[in-house]
Amino acid sequence: RKGSVVITGASSGLGLATAKALAETGKWHVIMACRDFLKAERAAKSAGMSKENYTIMHLDLSSLDSVRQFVDNFRQSGRPLDVLVNNAAVYQPTAREPAFTAEGFELSVGTNHLGHFLLSRLLMDDLNKSDYPSKRLIIVGSITGNTNTLAGNVPPKANLGDLRGLAGGLNELNSSAMIDGGNFDGAKAYKDSKICNMLTMQEFHRRYHEETGITFASLYPGCIATTGLFREHIPLFRTLFPPFQKYITKGFVSEEESGKRLAQVVSDPSLTKSGVYWSWNKDSASFENQLSQEASDVDKARKVWEVSEKLVGLA
Ligand code: NDP
């Protein structure tokens with residue numbers, strides 16, 4: 001049978017390019033888990049995906065009710081779950097004030113981390129039930145949250161501190177909208193959320209890989225400077241960022257190429273190792289990359305897991 005893969009945020013950028021790359025192989029049915037149904041439908045059509053290769057299902061990661069509803073709807077569809085790709089993200093680099101999810105968590109960490117954390121935890125049951133030979137749970141990471149790289153050292157740097165803001169529910173009434181309890185900074189909140197993504201992948205690996213055989217992986221697909229992720233940045237940045245990445249840092253990667261990379265992590269028989277953070281070199285060959293100290297801190301991963309469990313109502 002065809003593999004069945006759920007991709008969050010498949011209505012644009014990396015998620016859409018990955019959906020297209022997998023659908024084109026004819027070996028995958030892609031469930032596009034998106035907050036804007038019509039946008040997703042238009043995106044799939046304009047990418048030339050044929051109807052029998054995808055299904056669109058509603059998912060708004062900034063509402064935990066919506067996450068639970070999605071899981072119910074997915075189960076009712078009767079489809080198996082072979083691979084889950086946590087790809088969606090929001091980035092608010094110019095926001096002066098924090099925005100919040102339905103439950104009142106700061107929006108970037110609430111959506112990118114907590115929404116995906118609940119989704120992944122709930123869908124573990126479904127992954128476990130699948131009889132697919134290579135089951136995978138993938139969380140898209142980023143170099144920007146990784147302070148052992150040049151890009152990860154552009155201020156404001158990611159830093160989760162002692163998690164006091166996260167423990168307080170990520171809102172200013174109780175404590176702070178930032179994980180470390182500091183003043184709100186939209187760019188930092190995004191980087192912090194990506195650190196949480198990478199820590200969560202490793203914690204999944206430690207808790208479940210041996211028992212379930214599921215492959216847990218993260219990746220940095222390259223700098224896809226043209227995606228909607230930068231939609232809230234100032235216009236000058238949006239004009240200069242793609243050529244800067246192309247000619248100066250040479251980290252630029254097209255949406256199509258990034259989609260092929262993530263599709264590899266979903267389906268390539270040689271990428272089954274669990275607990276790995278994948279990156280690609282200039283010739284587009286994949287390699288196991290090193291995470292920064294904070295992004296590979298075992299103790300912090302466990303704490304983020306435990307505090308997040310409480311916030312999403314699992315503990
Ligand atoms: P895009 O903005 O193009 O895609 C993000 C997707 O997430 C969109 O489909 C968006 O939906 C969706 N999304 C946002 N909020 C929600 C929500 N509340 N519920 C459901 N879906 C939501 O950005 P990219 O393709 O660049 O980003 C994809 C991933 O790649 C992210 O995890 C990002 O961190 C990562 N990444 C990107 C890099 C880059 O250079 N661009 C580099 C490294 C990592 P909608 O279409 O409705 O807006």
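So, K188 and D192: both are buried, where buried is under 20% relative accessible area, exposed is over 50%, and partly exposed is in between, with a 1.4 Å probe and protein chains only. Before I go on, this is a predicted model, so local features need pLDDT of at least 70 and side-chain atom pairs count only at pLDDT 80 or more, while totals for chains, interfaces and linings use all residues. Residues are numbered from 1 along each chain as its sequence is written, and side-chain values use heavy atoms, with hydrogens and water left out.

Back to the pair. K188 and D192 sit in helix α6, four residues apart, about one turn of the helix; helices here are DSSP runs (H or I, at least four residues), strands likewise (E, at least two), numbered from the N terminus. Their side chains form a salt bridge at 2.9 Å, N to O, meaning a side-chain nitrogen of Lys or Arg within 4 Å of a carboxyl oxygen of Asp or Glu. K188 also has a salt bridge with D180, at 3.0 Å. K188 counts as buried because its relative accessibility is 10%, whereas D180, at 22%, is partly exposed.

How many salt bridges does a search of the whole structure find? It's 19. One of them joins R1 and D82, with the closest N and O atoms 2.8 Å apart. That pair links distant parts of the chain, 81 residues apart: R1 is in the segment before β1, and D82 is in the loop between α3 and β4. R1 is exposed at 57%, but D82 is buried at 0%. There's also a network of salt bridges linking D299, R302, K303 and E306.

Now the ligand. Around it are 30 residues, the closest being S11, K39, N87, Y190 and T227; the cut-off is a heavy atom within 4 Å. By class, that shell has 13 nonpolar, twelve polar and five charged residues. (Ala, Val, Leu, Ile, Met, Phe, Trp, Tyr, Cys and Pro are nonpolar, Asp, Glu, Lys and Arg charged, and the others, Gly among them, polar.)

For specific distances, a polar side-chain atom of S11 is 2.6 Å from a ligand oxygen. A backbone N or O atom of L61 comes in at 2.9 Å from a ligand nitrogen, and a polar backbone atom of L229 lies 3.0 Å from a ligand oxygen. Taken alone the ligand exposes 900 Å², and the protein buries 98% of that, using Shrake-Rupley areas with a 1.4 Å probe. Which elements give two or more residues to the shell? They're α1 and α6, and α6 is the helix we started with, holding K188 and D192.

How values were computed: A polar contact is a pair of N or O atoms within 3.5 Å; within protein, one must be able to donate a hydrogen and the other to accept it, and residues adjacent in sequence count only if both atoms are side-chain atoms.
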